[in-house]
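I opened the model to look up a few things and kept notes as I went. The entries follow in the order in which I made them.

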Amino acid sequence: MKRLKFEHRITALYLILGALWILFSDKLLGYLFSDIASLSRFQTFKGVFYVVTTAVFFYFFITKHLVKLRNTEKELENHKQNLTQLVHEKTKNLDEAIEALRKTNEKLNEKNKIINKQNTELKSTLKALKEMQFQLIQIEKMASLGILTAGISHEINNPLNFIMGGLTGLQNYIRESKIEDEKVELYLKSIKTGIERATSIMNGLNQLSRNNDELNEKCDLHAIIENSLAISKGQWKSNIEVIRQFAAYPILIPGNVGKLHQVFINLIVNAFQSIGDKGTVTITTETQKDKAIVTIADTGCGISKDKLSRITDPFYTTKEPGHGTGLGLSITYNIIQDHKGTLEFKSALKKGTTVTVVLPSKFI
Amino acid sequence: MGKVKILYVDDEAINLMLFQANLEKKYDILIAENPFTGLQHIAENKDIKVVVSDMKMPVMNGIEFILKARLLSSEVAYYILTGFEITEDIQEALNQGIIRRYFRKPFNIQEISREIENTITDYYEQQE
């Protein structure tokens, strides 16, 4: 707009000055000079004068205009630089803001991860607590059972002692009186067998009630299995045959005598209970390197595949209500785990179940 | 050589009677129904060679009784009878040589008799 105006102005000015000059310069010369020679000479000067004057005039005029333009240009340049800087700064600020956001995001992610981790930890802690609670209940149960059996065993052992002492006296009396009677022998032998059996059950109960957390007691595996069989007599129906395939040498392992009794009583009772009419329970013991292996194989009803994975779950039972708490195998499993051993089941419906207990046999 | 003198301490009267009845032919048996009577016997009979005591008795247990008895007579072989599993007290007494052995109830009189026999043999061998 301004540029156009300037062009118009300069053109108009030039036209006006030119027109005025053409109109009035000759007249002026006519006033000043009357002779043709001077007139003609000044006519030439007049052209030069016009050119110089207009040149000077335009010089100032254009210069003024150009200065203005240049200033504007400079200002624009400054402005542009300012803008660029501004944009630069803003961009930098934005970058920083983005970086800060990214960091915040990262932190949030980390926090989220921590929360997730804590959540998982809480869950496992809860699970552990539940297991612990369950075990505490068991320990409490076993502790009161221990006190009870220890008391009973002391009270029963004294009367057993009377019978034993009386029997010894009678045996001596009969020997000295030289009475030889098959029936008397039978009676005495029956009393002796009765005392021995009652004593072995009392010993078993005593062992079972030994309540401590010691895992480094010297455990005689064969004695523990024999005791467990004696204690499980209540479930040992006459149609069940127990086959012992024990190693020819004693197997001594580190462990908790009372708790290992619990393991084998549970497994033996289960084997007995699985057999309906008639069957066998084969107990095998052997050692391999630093491991003692006991297998208890019954020819009972067996367990179906879908149930097999659940049998060590607490409170899982297939028995009639009141015939099993569903805790036996769960306790067994926990005890074996405490001993750093393993418990494995193989079963086929109507054919039987084989339980394999592997326990470390090396004393530390 | 007269019969060897043995003291048996138990709070169950029937146990005392049976022990005495079964072993009186071989040994001179003194019996005590409580540890105090037992200590009295030891004080009065310096020739007691063997003392057998029940573990669980009122007032004082078998080990406590034996520790007191040792102050009166240290030349005696002491034994404990228990209706329980071996306890820490008993294990400790065994380790320190306070008692020679412990027997589980119901006890086998023949086994105890054999053990006493060995002890007496040891004792006389040492005397010679």
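Ground rules. This is a predicted model, in which local features need pLDDT of at least 70 and side-chain atom pairs count only at pLDDT 80 or more, while totals for chains, interfaces and linings use all residues. Residues are numbered from 1 along each chain as its sequence is written, chains are lettered from A and ligands numbered from 1 in the order in which they are written, and side-chain values use heavy atoms, with hydrogens and water left out.

Chain B, overall. I looked up the elements and found 5 helices and 5 strands; helices (H or I, at least four residues) and strands (E, at least two) are DSSP runs, numbered from the N terminus. Their order from the N terminus is β-α-β-α-β-α-β-α-β-α. The radius of gyration is 13 Å, close to the 14 Å that the globule rule gives for 128 residues, so chain B is as compact as a globular protein of that length. That radius is taken over C-alpha atoms, and the rule is 2.2 Å times the number of residues to the power 0.38. The C-alpha trace spans about 35 × 30 × 30 Å along its principal axes. Of the 128 residues, 50% are buried (under 20% relative accessible area, 1.4 Å probe, protein chains only).

Ser53(B). I placed Ser53(B) in strand E3 of chain B, residues 48-54. Its relative accessible area is 0%, so I noted Ser53(B) as buried. Beyond neighbours within four places in sequence, its contacts include Val9(B), Phe65(B), Ile66(B) and Tyr79(B) (contact: heavy atoms within 4.5 Å).

Helix H5 of chain A. This helix covers residues 257-274. I found 15 of the 18 residues of H5(A) buried. At its start, a side-chain oxygen of Asn256(A) comes to within 3.1 Å of the backbone nitrogen of Gly258(A).

Interface. How many residues does each chain bring to the contact? I read 22 residues from chain A and 17 residues from chain B. The two chains bury about 1,700 Å² between them, 49% of it on carbon and sulfur atoms; buried area is the accessible area (1.4 Å probe) that two parts lose on being put together, summed over both. On the chain A side, His154(A), Asn161(A) and Phe162(A) lose the most area to chain B, together 34% of what that side buries.

Definitions and conventions: Expected span 1.5 Å × (residues − 1). Polar contact = N/O pair within 3.5 Å; in protein donor to acceptor, adjacent residues only side chain to side chain.
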